[in-house]
Amino acid sequence: MKFETPAGQNPIDQLKVVGRSTDRIDGKYKTTGTAPYAYERHDVVPNQAYGYVLGAGIAKGRLRGMDVAAAWKAPGVLAVLTTLDIPKLGLGKMNTANLFGGAEVQHYHQAIAVVVAETFEQARAASFLIRPDYAPEDGRFDLAAEARSAKPVGADSAEGSGGGPEDRVGDFEGAFAAAAVKLDETYTTPDETHAMLEPHATIAAWQGDRLTLWTSNQMIAWSKGSVAKILGIPPENVRVDSPYIGGGFGAKLFVRADAVIAALAAKAARRPVKLALTRPLIANNTTHRPATIQRIRIGATRDGTITAIAHESTSGNLPEGRPETAVDQTKLLYAGANRLTAMRLARLDLPEGNAMRAPGEAPGLMALEVAMDEMAERLGLDPVAFRVKNDTQVDPGHPERRFSHRDLVGCLRLGAERFGWARRSAKPGQVRDGQWLVGLGVAAGFRNNLLTKSAARVRLDGRGILTVETDMTDIGTGSYTIIAQTVAEMMGVSLDQVVVRLGDSDFPASAGSGGQWGANNATAGVYAACVKLREAVAQRLGVNSADAAFADGEVRAGNRGTPLAQAAAAGELVAEDGIEYGDIAKSHQQSTFAGHFVEVGVDVDTAEVRVRRMLAVCAAGRILNPKSARSQVIGGMTMGVGSALMEELAVDKKRGFFVNHDLATYEVPVHADIPHQEVIFLDEVDPMSSPMKAKGVGELGICGVGAALANAVYNATGVRVRDYPITLDKLLDRLPDAA
Amino acid sequence: MPNFGEIELSRRDVVAGAAACAAATGVPSSARAGTGPEGPVMAKVSLTVNGERRELELDTRTSLLDAAREHLRLTGSKKGCDHGQCGACTMIVDGRRINSCLTLAVMHQDSEVVTIEGLGDPRGLHPMQAAFIKHDGYQCGYCTPGQICSGVAVLAEIKAGIPSHVSADLNARPEATPAEIRERMSGNLCRCGAYSNIVEAMTEIAGRQA
């Protein structure tokens, strides 16, 4: 089905199932521990051996050799495979560093060997007996130092943000020089790691020249192709299966070392092999969100009209790596005739920087939305009013492109009302609650909505059960449930009549999970398949599909109602189709919007920051399942608290690695850090997004929330911290007098 | 590598040493490998898991978590870090929640172990499991079994009058307030960020119990 014009009325608009707050259909499996994740699939293939991966102990250089004799002799060992045993492998989609093979070490903890043994304990013990002989080389590990030599680079995040090395509208420099009120500040964000709870894990089995990977991956079709490319085998010989994924946040967008090495190890051991990257390996072996240095300049008239806005970001990556696209939202978020956005990339020899939840916008808004707060203060304007004043309904660089639907103003106004914004003291450091300095902060959230093709297959059997198959993944996003809701709505059945099967590359290729594109596109693909199935049903029952109504398990045409199951009485009906998009995303800008509000308390003696209240008001088209969509948003808000207050991969600038590479030393928010969180969805639809009229929310929740928190800390204390995370050492000696 | 008695260590000592400090540095490689000349050091252990007596013969290095996941094929308990940092492996052992990745299976002769599978199954959910579904107290599901085991044990701890860091009065009975729940649950990480909903699920169950 090609989607080229705005959606009209369709069966989804009945909203009998879609749009209703619905418990997850996979909930009974997840809560009982019976949902099978990659490493746990004892049942899929017998005789599984255990792999254990060893990472490089240097950041850059070469391996002169590796003594594996003792490892081979260790009890239970079936195979030892080192990176020196095979040539350097090719790259999969979005990979920057090689996953295995060859003597070159490109980054710390890059995989250099795997041991396969009868048991996990034996494989682990034997891996400790390997003695690598390194020839280390000097590397570049300090972003601040390398930023001076960074080069202008354009890039696409592959998740909906990007731009040229330098993009201009009007005359920024002239307008900024002439502006009555100005801001020119620099902000930094640190390297962050995804820290999803399920490590990267794979079971690999060969049957002749056919490879099956039971793995944990967000993008099944990408990964099938990448595995084939990396291993040099035809894609049709690869099957990838990921029905349950224990979190990804971008870490599992693409094939990683676990999948490739499990496949190679299974070949070497002539046995199915299962392995997981150990937790201490993940931060350096896999990808991370790169640190940024962002300079923002805003110029405005005295009444607060922005006349000039510039956002420049410098980040670092391995050679061939891409910059963090932190400036992209600044092209679209506020009006202003004169604009500049630019990205520069420094070469670093740290591990690979790549996509993490809302790449680009997440760190970009942490800077931009603090700059807006600072500018509002300089103008003597309320931060909500300043944003409202500079709202735009068109793409400021291309005014002929309107937003398909944009209600940022509605988010901010409703949020202000619900949060009690009017009670905020404009002057910072004024509100005390016992031991606590209390402050409120606001920020806009912004994230684009991406249209990408997605397919599905729907089966109707003689019992009236509908089974939908698509390689779409559920990484905690609620895909199982919204897909079931879509089928139930389209076919007029209850949710318990629908079976959803996901994550298998033998199923039609879907949008996958990334860039908050999953929900809208995957359900639109299921919608397309259901339209086709409705036609097949109507034909089988001898009714005109245009006149047929599908409701309450029946197909009604005229006065006649026939049980849906009857259409499959003579044999299963199967329909397969997908959604594809015309130019609708080019003619109109599709984005999602939020108003984030945060209240913090800052301990007047210790500078400990505690989040007291959080509210997000979101405008993201039709919300397919408010229950799981709300969870997506609070999850983003929680990760945003981490970004603002605690998350930082500490760089050893001499040895070139992330030091705090485990879950004890890389701090993420815990229960005690997070208060009750409120989310309000504006009641809206966006007919330009798809027949579902929905947009993404999975990343909107993290976009802007860190800045709202930072602004609240400023409002509480009068201390402006421009270097994240806002740890107490950055506040302590600048706090107002406790007395 | 310093040698501290590699030759003198009997296999029995290796077992005891490994149990006491598996991660100790300087353990001779053969001991760290946990092997004698003829293979791994094995030991028998019998324990009760979810009400059922189980007899196992295990490599002594096997964690309680891996005994469950790899040997008993009870994969509901998750391995998120294998270092006691995330709580995904939480089991209730002899009435108390523990990180099952931080304890060796052979240390649990005659222990009563309850895993997530022992609380309920898809056809008969434990009230806490049902409350997690109702309040959407999970997303990817990977930390969920640990959260639920912890959640059940936390409410039992509060009921038993065990104070926490946030209990204002050590002599008063603690209440299942959001602050108490958040404090006690903070060893169970949820990167999807379902905390707000988990607290609501637990509060509902606590109210029902009260």
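Q: In this predicted model, what share of the contacts in chain B with a separation of 6 or more comes from residues 24 or more positions apart?
A: Residues 24 or more positions apart account for 59% of those contacts in chain B. A contact here requires C-beta atoms within 7 Å. Chain B holds eight helices and seven strands, and 54% of its 210 residues count as buried.

Q: How is chain B divided into domains?
A: The assignment gives domain 1 (11-40), domain 2 (42-119) and domain 3 (127-209) of chain B.

Q: What shows that domain 2 of chain B and domain 3 of chain B are in contact?
A: The criterion is a pair of C-beta atoms within 7 Å. In chain B, 15 residues of domain 2 are in contact with 14 residues of domain 3. On the domain 2 side, the elements giving two or more residues are strand S5 (90-93), strand S6 (96-99) and helix H4 (116-119) of chain B. S5(B) supplies the largest share of that side, three residues. By class, the side of domain 2 of chain B that touches domain 3 of chain B has seven nonpolar, five polar and three charged residues. The centres of the two domains, taken over C-alpha atoms, are separated by 22 Å.

Q: How many residues does each chain bring to the contact between chain A and chain B?
A: Chain A brings 54 residues and chain B brings 56 residues. On the chain A side, helix H1 (27-30), helix H3 (120-127) and helix H15 (626-645) are the elements that give two or more residues. H15(A) gives the most, with eight residues. The residues of this side of chain A divide into 24 nonpolar, 20 polar and 10 charged.

Q: Why is A:Pro323 called buried?
A: The threshold for a buried residue is 20 or more other C-beta atoms within 10 Å. A:Pro323 has 29 other C-beta atoms within 10 Å and is therefore buried. A:Pro323 is found in the loop between strand S18 (306-317) and strand S19 (338-347) of chain A. Leaving aside residues up to four places away in sequence, A:Pro323 touches A:Val153, A:Ala155, A:Ser315, A:Asn317, A:Met343 and A:Leu345. A:Ala155 is 168 residues from A:Pro323 along the chain, yet their C-alpha atoms are separated by 6.7 Å.

Q: Why does A:His588 count as partly exposed?
A: A partly exposed residue falls between the limit of 12 or fewer neighbours for exposed and that of 20 or more for buried. A:His588 has 19 C-beta neighbours inside 10 Å, so A:His588 counts as partly exposed. This residue lies in strand S31 (residues 588-589) of chain A. Beyond residues up to four places away in sequence, A:His588 touches A:Arg401, A:Arg402, A:Phe403, A:Ser404 and A:Met688. A:Ser404 is 184 residues from A:His588 in sequence and 5.4 Å away in space, C-alpha to C-alpha.

Q: How many bridges join strand S25 (residues 466-470) of chain A to S26(A)?
A: Five bridges join them, and the two strands run parallel. Two strands pair if at least two bridges are found between them. Among the partners, A:Leu466 is bridged to A:Val498 in S26(A), and A:Thr467 stands opposite A:Val499. The path from S25(A) to S26(A) passes through helix H12 (residues 479-491) of chain A, and this β-α-β crossover is right-handed.

Q: Which residues form the covered face of strand S26 (residues 498-502) of chain A, and which the uncovered one?
A: A:Val498, A:Val500 and A:Leu502 form the covered face, whereas A:Val499 and A:Arg501 form the uncovered one. In a regular strand the side chains alternate between the two faces of the sheet.

How values were computed: Residues numbered from 1 in each chain as written. Chains lettered and ligands numbered in written order. Predicted model: local features only at pLDDT ≥ 70, side-chain atom pairs only at ≥ 80, totals over all residues. Helix = DSSP H or I, 4+ residues; strand = E, 2+ residues; numbered from the N terminus. Contact = placed C-beta atoms within 7 Å. Right-handed = clockwise from strand over helix to strand, strands pointing away. Domains from an automatic or database assignment. Nonpolar A, V, L, I, M, F, W, Y, C, P; charged D, E, K, R; others polar.
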